Amino acid sequence: MHARVERFGEPALLSLLASGPTHGYELLERLPPLVGEERVDVGNVYRALRGLEEEGLVASEWRADLPGPAKRTYTLTDEGRAVLDLWRGSLAALRDDLVTFLDESEGR
């Protein structure tokens with residue numbers, strides 16, 4: 001049996017994009033350690049990126065100036081940065097609650 005905490009895809013994508021414009025393939029390579037998986041589903045990542053773009057959290061453009069074929073490059077918007085800050089605050093509060101839980105449950 002393996003306990004799992006899931007659904008960190010959105011904040012993980014926003015966090016990766018906070019460091020600068022990134023194309024999808026690079027996101028696919030850098031995402032697994034942040035979400036606790038060996039690999040991630042390509043379709044789910046691109047669907048998530050489309051959803052983030054529809055919400056105005058991410059912008060994208062095709063770039064042909066990078067090596068290889070043209071690539072869609074994703075950029076974090078100001079609204080996306082604000083949502084990422086909210087995620088960070090919520091996750092920090094959750095971390096504190098988890099530490100309290102673990103400290104109290106280990107003492108029993």
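This is a predicted model: local features need pLDDT of at least 70, side-chain atom pairs count only at pLDDT 80 or more; totals for chains, interfaces and linings use all residues.

**Salt bridges.** I looked these up to start with, and the structure holds four salt bridges. The term here means a side-chain nitrogen of Lys or Arg within 4 Å of a carboxyl oxygen of Asp or Glu. Residues are numbered from 1 along each chain as its sequence is written, and side-chain values use heavy atoms, with hydrogens and water left out.

How exposed are the partners? I get 48% relative accessibility for arginine 47, so partly exposed, and 44% for aspartate 41, also partly exposed. (My cut-offs: buried is under 20% relative accessible area, exposed is over 50%, partly exposed is in between, with a 1.4 Å probe and protein chains only.)

Another joins the side chains of arginine 88 and aspartate 85 at 3.8 Å, N to O. Both sit in helix H5 (residues 78–106), and because they are three residues apart, about one helical turn separates them. Helices are DSSP runs of H or I with at least four residues, strands are E runs of at least two, and numbering goes from the N terminus. Arginine 88 comes out partly exposed at 45%, and aspartate 85 is partly exposed with 45% too.

I also noted aspartate 96 with arginine 95, 3.5 Å from N to O. Aspartate 96 has 42% relative accessibility, so I filed it as partly exposed.

**Threonine 22.** Leaving out residues up to four places away in sequence, threonine 22 touches Leu16, Leu17, Leu27, Arg30, Arg72, Thr73 and Tyr74; contact means heavy atoms within 4.5 Å.

**H1 against H4.** Helix H1 (residues 9–17) packs on helix H4 (residues 42–54) at about 75°, axes 11 Å apart. I took axes as lines fitted to C-alpha atoms over the stretch in contact, with angles from 0 to 180 degrees between N-to-C directions. H1 and H4 are therefore roughly perpendicular, a label for 65 to 115 degrees (under 35 is roughly parallel, over 145 roughly antiparallel, the rest oblique). H1 brings Glu10, Leu13, Leu14 and Leu17, and H4 brings Val45, Ala48, Leu49 and Leu52.
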